[in-house]
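Here are my notes to go with the structure.

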Amino acid sequence: MKNNNNNQQSPSASLSNQKRTLIFICLVVSGIASSTLSTAMTTALPNVVEYFHVSTAVGQWVTSGYSLAMGVVMPLTAFLITRFPTKRLYLSGIGLFIAGLLFSIFSGNFSLMMTGRIMQACGNGILMSAAQVIILTVYPVEKKGTMMGTYGLATTAAPIVAPTIAGLLIDAFGWKSIFYVVLVIMMISFILSCAVFEN
């Protein structure tokens, strides 16, 4: 138990404030970007139904399937965190999310679209769970509550405003523009995380 405690305390003691801030910015940016897609596609549902020529009941799986997959993956991440280095796991989550975005962007049928959405949900589940562990690891005890609250506020507010932003994007550029915007943000986040994160 003593060795485990020392290992958990060492990252917060060795990291500079600037490094912590950069890590936190990466967490928040990727968390907001991934969280928006949990609700943004609600606005795009009529467009998706028309584009793929499916019924509304089938099209609804674009949002409900996403929530279901994310709900399954989030508890599983607690197990994955004990098996894989944090940096590799977090980058894998971003990579999986990006792959899901590409599937959805270039999907020629609804099945591929759903495959992409499931991949996005799995990536988001990994990111959300891993981010909490990272925050608790890199910050000292007196700042853990503040930073967890700030992260939670940002990732909770994002899905609330996402449908409005999605509606504006759909009217201006089409429904796939939602994926393009998030793709750019997540790729930037992936590059920054590669440079900033440590195991």
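1. Let's start with a term. "Buried" means under 20% relative accessible area, "exposed" means over 50%, and "partly exposed" is anything in between (1.4 Å probe, protein chains only). Across the protein, 45% of the 199 residues count as buried.

2. Some ground rules. This is a predicted model, where local features need pLDDT of at least 70 and side-chain atom pairs count only at pLDDT 80 or more, while totals for chains, interfaces and linings use all residues. Residues are numbered from 1 along each chain as its sequence is written, and side-chain values use heavy atoms, with hydrogens and water left out.

3. Now the overall fold. Helices (H or I, at least four residues) and strands (E, at least two) are DSSP runs, numbered from the N terminus. Here we get eight helices and zero strands, so the pattern along the sequence reads α-α-α-α-α-α-α-α. The radius of gyration (taken over C-alpha atoms) is 18 Å, close to the 16 Å from the globule rule (2.2 Å times the number of residues to the power 0.38). The protein is therefore as compact as a globular protein of 199 residues. Along its principal axes, the C-alpha trace spans about 60 × 30 × 25 Å.

4. How much surface does the protein show? It exposes about 10000 Å², and carbon and sulfur atoms supply 68% of that. Accessible areas come from the Shrake-Rupley method with a 1.4 Å probe, and for residues only the protein chains shown count as cover.

5. Back to Tyr66, which sits in helix H4. A contact means heavy atoms within 4.5 Å. Leaving out residues up to four places away in sequence, Tyr66 touches Ser34, Leu37, Ser38, Trp61, Phe97, Arg117, Gln120, Ala121 and Asn124. Have a look at Ile118 too: it is 52 residues from Tyr66 along the chain, yet their C-alpha atoms are separated by 5.7 Å. On contacts in general, take those with a separation of 6 or more: residues 24 or more positions apart account for 80% of them.

6. Next, helix H5 (residues 86-105). The expected span is 1.5 Å times one less than the number of residues. Buried residues of H5 include Leu89, Phe97, Leu101 and Ser104, and the buried residues of this helix pack against H2, H4 (61-83), H6 (110-138) and H8.

7. Zoom in on Ser104, which lies in H5. Is Ser104 buried or exposed? Ser104 is buried, because its relative accessible area is 0%. Beyond residues up to four places away in sequence, Ser104 touches Met113, Gly116, Arg117, Gln120, Lys176 and Phe179.

8. Helix H8 also has 20 residues, and it reaches 29 Å from its first C-alpha to its last, close to the 28 Å expected. Its buried residues, among them Phe179, Leu183 and Met186, pack against H2, H5, H6 and H7 (141-173).

9. Leu22, Ile25, Val29, Val181 and Ile185 form a nonpolar patch with about 340 Å² of accessible area together. Patches are made of residues with over 30% relative accessible area and no salt bridge; like charges are joined within 9 Å, and nonpolar side chains (Val, Leu, Ile, Met, Phe, Trp, Tyr) within 5 Å. A salt bridge is a side-chain nitrogen of Lys or Arg within 4 Å of a carboxyl oxygen of Asp or Glu. Helices H2 (17-52) and H8 (177-196) each supply at least two patch residues, and H2 gives the largest share, three residues.

10. Val29 is one of those patch residues, and it lies in helix H2. Val29 counts as partly exposed because its relative accessibility is 34%. Apart from neighbours within four places in sequence, Val29 is in contact with Ile185 and Ser189.

11. Finally, check His53, in the loop between H2 and H3 (56-59). Phi of His53 is near 60°, a positive value in a residue other than glycine. His53 is exposed, with a relative accessible area of 71%.
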